[in-house]
Each structure stands twice: as structure tokens, then as C-alpha cells.
Amino acid sequence: MNINHFGTLYIVATPIGNLRDMSLRAIDILKTVNCIAAEDTRHSKSLLQHYMINTPMFALHQHNEREKSTALLERLQQGDSIALISDAGTPLISDPGYFLVREARVAGITIVPIPGACAAITALSASGLATDRFSFEGFLPAKTKQRVQSLETLRTEARTMVFYEAPHRVLDTLEDMQKVFGEKRQVVLARELTKLYETIRSAALDELVEWVKNDDNQQRGEIVIMVEGANSAVPESAEIVSAENILKILMNELPLKQAVDLAAKISGLRKNELYQRALELK
Ligand code: SAM
């Protein structure tokens with residue numbers, strides 16, 4: 001409860017595609033606040049109309065955030081309650097709002113998050129990659145040189161990495177990842193989550209690059225790229241050598257698939273990696 005007479009700043013998550021991914025609490029809050037600060041008022045209009053929310057809305061985007069925040073803080077201090085929404089998902093996650101929330105906290109305003117969709121978390125939950133620890137990397141630089149430099153700093157990152165990417169850059173980014181992380185690093189491409197053409201594909205980088213190259217549809221829509229962390233993807237060379245020895249022995253005695261299955265169980269390495277090696281050894 002507020003001990004002053006300040007209003008509350010609500011940070012409200014909205015859907016990332018499917019309009020039904022809106023919480024009841026989010027609808028209640030958007031209906032009852034004095035105004036809604038939206039990243040793009042035209043974009044959010046359809047969401048508000050869908051839920052019959054008639055609260056006044058105004059724009060707060062990356063170009064006017066600093067300037068608008070001062071006026072917003074004054075309104076909050078005068079007792080108005082305000083909700084912040086972005087075009088999709090959770091505000092501040094690769095979206096505007098950081099400056100406003102930081103300043104509101106300094107000013108002693110109560111900030112209440114209303115949880116909901118977030119593309120990174122939605123994608124991770126279905127990725128099959130390790131989720132006990134992960135690193136959210138957001139958007140990589142648009143220019144190749146800077147992008148490769150950023151990726152280089154992540155070469156030995158052991159946690160699952162989560163990237164947002166624009167569709168027209170996805171192929172270039174995957175190719176750069178292949179150069180930096182190696183062609184056998186496991187990646188998951190999650191596209192158009194919660195929408196009609198939702199696609200989630202998991203493969204080694206070389207395979208995924210070929211797939212995206214040969215199917216223009218995979219270079220459309222909204223995309224999350226997740227990359228397996230380095231430790232689990234790149235075993236120590238001693239481990240590979242001993243797994244290879246096991247594989248060679250088993251291949252002399254058993255059919256290829258059985259040899260690979262057993263070698264994977266004994267060595268703890270991934271089956272598809274050992275299968276690839278088995279084909280090379282054959
Ligand atoms: N605040 C949002 C969130 O909570 O996820 C992210 C906003 S960021 C400007 C937009 C990026 O998020 C897109 O370029 C894409 O990488 C990712 N994204 C948003 N919606 C998505 C969806 N439905 N499927 C896949 N990725 C999505």
C-alpha cells in the first residue's frame with residue numbers, strides 16, 4: 001500500500017501474437033489506470049479495442065522516453081496511476097521503459113509488474129536447451145563486423161544464450177554464429193511464437209543454416225535464436241578421443257546405429273555428434 005499520495009506505475013505485459021495471451025489482471029489494470037503509456041499507440045489500439053479498454057493512451061517510445069518521463073513522474077506524484085505497455089510482450093525487455101522505471105524508483109513511486117508473455121521465456125520453455133541458467137543477449141549489432149565481435153565474446157559462454165533477431169538478418173547472423181561457435185553447436189530457432197505459423201526447429205548450426213537458406217519462409221516474421229552453452233556443446237578433446245575409441249571398437253562388432261547408441265551412453269556425448277563421427281570413421 002502507498003504511504004504517500006503518489007499513484008502507481010504498472011508495467012504490464014501484453015501478448016506476443018495471440019491476443020488471448022493477455023492476463024485478466026492486465027485487462028483490469030489497463031481499464032482502471034488514469035492513462036496508458038504505449039510504445040506505439042496505433043499498434044496497441046487494436047489490443048485495447050479487443051478488450052474494450054477505453055483508457056486514454058499516449059506514446060512513450062525510445063525517442064521521447066527521457067522527455068516524456070519527467071511529465072509522467074509529475075503525474076504519478078500528483079496521484080495518477082499509469083500503465084506502461086510495449087508493442088508486444090514484457091516492457092523493458094528489448095523495449096522502452098528503463099529510464100522511466102529507474103527514475104520512478106528513485107522518486108519513491110510504487111512500481112507494480114503485471115507478468116505475461118515474453119518471447120525469450122516462451123521460446124526457452126519449448127527449446128529443449130538447458131534452462132537452469134541462461135543469458136539473455138537481446139539484439140546483436142546489425143553490422144557484420146560488430147556482430148562477429150559480440151559473438152566472439154560469447155564463444156566460451158557456458159549458459160544457453162538467447163538472442164532476438166530481425167527476419168532480414170537471421171541468415172547472416174546464423175552464418176556468423178556458425179563461424180564463431182562451430183558448425184556442430186546446437187541451436188533452436190523459434191519463429192512466430194503463439195501465431196499461425198509458429199515454428200520451432202532444433203538442429204546443429206550447419207544444418208539450420210542450410211534449412212533457413214533454402215526456405216525463404218524461415219526468414220520472415222519474428223524470431224528468437226537460442227544457442228546451446230559452450231561446455232555442453234564442446235566436450236574436452238580428451239573426452240572426444242576416448243569416445244572415438246569406444247565408437248571404433250563397437251563399430252567393429254555392432255551395426256552403426258547400435259554402436260552409436262551404446263557409445264553415447266558410455267561417453268555421455270550426444271548421439272548426433274557421435275553419429276557424425278561414426279560416418280566419418282566408416
Ligand atoms: N518485449 C518483447 C518481449 O517481451 O519478448 C520483445 C520486444 S523486441 C522489440 C521484439 C523482438 O522479440 C522480435 O524482433 C523477436 O526477436 C522477438 N519476438 C517478439 N514476438 C515474437 C514472436 N511472436 N515470436 C518470436 N519472436 C518474437
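Reader: Which side chain does E152 meet in a polar contact, and at what distance?

Author: A polar contact is a pair of N or O atoms within 3.5 Å. In this predicted model, the side chains of E152 and R155 are joined by such a contact at 2.6 Å.

Reader: Where is E152 found, and is E152 buried, partly exposed or exposed?

Author: E152 belongs to helix 6, residues 144-152. Buried means under 20% relative accessible area, and exposed means over 50%. E152 has 36% relative accessibility, so this residue counts as partly exposed. As for its place relative to another part of the chain, E152 and A243 are 91 residues apart in sequence, and their C-alpha atoms are separated by 28 Å.

Reader: What is the distance of the polar contact between the side chains of Q186 and S202?

Author: That contact is 3.2 Å. Q186 is part of strand 8. Its relative accessibility is 11%, and therefore Q186 counts as buried.

Reader: Where do L92 and E192 lie?

Author: L92 is in the loop between strand 4 and helix 4. E192 is in the loop between strand 8 (186-191) and strand 9 (199-204).

Reader: Is L92 buried or partly exposed, and is E192 buried or exposed?

Author: The class follows from relative accessible area, with under 20% as the limit for buried. L92 has 29% relative accessibility, so it counts as partly exposed. E192 has a relative accessible area of 14%, so it is buried.

Reader: How far apart in space are P91 and T14?

Author: Separation along the chain and separation in space are read as two numbers. P91 and T14 are 77 residues apart in sequence, and 8.5 Å apart in space from C-alpha to C-alpha. P91 lies in the loop between strand 4 (82-85) and helix 4 (98-106). With 3% relative accessibility, P91 counts as buried.

Reader: Where is V170 placed, and is V170 buried or exposed?

Author: V170 is in helix 7, residues 170-181. Its relative accessible area is 0%, so V170 is buried. V170 and L154 are 16 residues apart in sequence, and their C-alpha atoms are 18 Å apart in space.

Reader: Which residues come nearest to the ligand?

Author: A residue is near a molecule if one of its heavy atoms lies within 4 Å of it. There are 19 residues around the ligand, and T90, D95, A119, Y164 and I223 come nearest. By class, this shell has 11 nonpolar, three polar and five charged residues.

Reader: What lies 2.8 Å from an oxygen atom of the ligand, and what lies 2.9 Å from a nitrogen atom of the ligand?

Author: At 2.8 Å from a ligand oxygen atom there is a backbone N or O atom of T90. At 2.9 Å from a ligand nitrogen atom there is a polar backbone atom of I16. The side chain of E222 also has an N or O atom 3.4 Å from a nitrogen atom of the ligand.

Reader: How much of the ligand's accessible area does the protein cover?

Author: On its own the ligand has 580 Å² of accessible area, and the protein covers 90% of this.

Reader: Which pocket does the ligand take, and which elements give two or more residues to the shell around the ligand?

Author: The ligand takes the space of the largest pocket. Strand 7 (160-165) and strand 10 (223-227) are the elements that give two or more residues to the shell.

Notes. Residues are numbered from 1 along each chain as its sequence is written. This is a predicted model: local features need pLDDT of at least 70, side-chain atom pairs count only at pLDDT 80 or more; totals for chains, interfaces and linings use all residues. Side-chain values use heavy atoms; hydrogens and water are left out. A polar contact is a pair of N or O atoms within 3.5 Å; within protein, one must be able to donate a hydrogen and the other to accept it, and residues adjacent in sequence count only if both atoms are side-chain atoms. Accessible areas come from the Shrake-Rupley method with a 1.4 Å probe; for residues, only the protein chains shown count as cover. On a 1 Å grid over the protein atoms alone, a cavity is a set of points where a 1.4 Å probe fits but cannot get out, and a pocket is an open set with protein on both sides within 12 Å along at least five of seven lines; lining residues have an atom within 4 Å of a point. A molecule sits in a cavity or pocket if more than half of its atoms lie within 2 Å of its grid points. Helices (H or I, at least four residues) and strands (E, at least two) are DSSP runs, numbered from the N terminus. Ala, Val, Leu, Ile, Met, Phe, Trp, Tyr, Cys and Pro count as nonpolar, Asp, Glu, Lys and Arg as charged, and the others, Gly among them, as polar. Buried means under 20% relative accessible area, exposed over 50%, partly exposed in between (1.4 Å probe, protein chains only).
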